[in-house]
Amino acid sequence: MRLLIVEDNERLAGLIAQGLGRRGFSCDIAPDLATADACLDGTAFDAVILDLGLPDGDGMEWLQHQRTLRQLVPALMLTARGGLEDRIAGLDAGADDYLVKPVDIEELAARVRALLRRPGPRVAAILEAGALTFDPVSREARSAGSPIELSRREADLLELLMRRLGTVVVRNTIETTLYSFNEPVTPNAVEATVSRLRRKLDEAGLAGQLHTVRGVGYMLRNS
């Protein structure tokens, strides 16, 4: 799951990204609303964690405007404004959840997972490809009901391939999905992740399901 953290406090944003990263999320940070707009225009995110007092505007007004422009992904407001009126205004502006700083990282992660389980077009349903299943919320993969142990990047790769089942996913798309903007990517990083995922699928009785299209990218077959 890829999250956009809109927070101008560099230290706090880094701690949130680090904490959520250890819990299976891939996080990008936008220090202002202009950067958030650019991120959303260029990348698909599963949820947004939004501060309100930002250098170039108010997050609540920005969110309200975003809701009129497009179907923005789930948004959780994380702010120091803890009054009842503030919380009501935030939810009425389009926030799916509202938390007051400081917050425990375990609760924040749980709240994000809860957002992604809610019914509607944003729901992450169980993905299936033959005997292979993947739950985007729990990050659990199974082969004929038996669990497959995956690292975070392997799970992110599997989710991407399953969402585009039967189509070739180019290397650049995989790299953009698996790594946040500020993460260094070694030349063979994608290939190494694909190789590890393929080995684990093979060991789980799914040999040949992950296919390499030489010089183009990778494709997951239905069976």
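User: Which residues form a nonpolar patch on the surface?
Analyst: Val 168, Val 170 and Val 216. Together they have about 200 Å² of accessible area. Keep in mind that this is a predicted model.

User: Where does Val 168 lie?
Analyst: In the loop between α6 (152–163) and β12 (169–170).

User: And how accessible is Val 168?
Analyst: Val 168 has a relative accessible area of 36%, so it counts as partly exposed.

User: Switching to cysteines. How many disulfides are there?
Analyst: The count comes to zero.

User: Is Cys 27 buried or exposed? What about Cys 39?
Analyst: Cys 27 is buried, at 10% relative accessible area. Cys 39 is buried too, at 6%.

User: On to the inside. Which residues touch the most other members of the largest nonpolar core?
Analyst: Leu 132, Leu 158 and Leu 220. That core has 26 residues.

User: Which elements supply it?
Analyst: At least two residues each come from β8 (127–129), β9 (132–135), α6, α7 (171–178), α8 (189–203) and β14 (217–220). The largest share is from α6, with six residues.

User: What does Leu 220 touch?
Analyst: Leaving aside residues up to four places away in sequence, its contacts include Ala 129, Leu 132, Leu 158, Leu 161 and Met 162. Leu 165, Gly 166, Leu 201, Gln 209 and Leu 210 are also contacts of Leu 220.

User: What is in the second core?
Analyst: The second core is separate and has 21 residues. Among them are Leu 40, Leu 54, Trp 62 and Leu 72.

User: Now charges. How many salt bridges does a search of the whole structure find?
Analyst: It finds 17. One of them pairs Glu 106 with Arg 23, with the closest N and O atoms 3.0 Å apart.

User: Where do Glu 106 and Arg 23 sit in the chain?
Analyst: Glu 106 is in helix α5 (residues 105–117). Arg 23 is in the loop between α1 (10–21) and β2 (26–30). They are 83 residues apart, so the pair links distant parts of the chain. Glu 106 is partly exposed at 44% relative accessible area, and Arg 23 is partly exposed at 27%.

User: What about Asp 97 and Arg 111?
Analyst: Their side chains meet in a salt bridge, 3.0 Å from N to O. Asp 97 is in strand β7 (residues 97–100) and Arg 111 in helix α5, so the bridge ties together parts 14 residues apart in sequence.

User: Buried or exposed, that Asp 97?
Analyst: Asp 97 is buried, with a relative accessible area of 10%. Arg 111 is partly exposed at 29%.

User: Which residue does Glu 203 form a salt bridge with?
Analyst: Arg 199, with the closest N and O atoms 3.5 Å apart. Both are in helix α8 and four residues apart, so about one helical turn separates them. Glu 203 is exposed at 59% relative accessible area. Arg 199 is partly exposed at 42%.

User: Last one. Which residues are linked in a network of salt bridges?
Analyst: Arg 139, Arg 152, Asp 156, Glu 159 and Arg 163.

Key
Residues numbered from 1 in each chain as written. Predicted model: local features only at pLDDT ≥ 70, side-chain atom pairs only at ≥ 80, totals over all residues. Heavy atoms only, no water. Patch = residues over 30% accessible without salt bridge, like charges linked within 9 Å, V, L, I, M, F, W, Y side chains within 5 Å. Areas by Shrake-Rupley, 256 points an atom, 1.4 Å probe, with all protein chains shown as cover. Salt bridge = Lys/Arg side-chain N within 4 Å of Asp/Glu carboxyl O. Buried < 20%, exposed > 50% of the residue type's maximum accessible area, 1.4 Å probe, protein only. Disulfide = S-S within 2.5 Å. Core = buried A, V, L, I, M, F, W, Y, C linked by side-chain atoms within 4.5 Å. Contact = heavy atoms within 4.5 Å.
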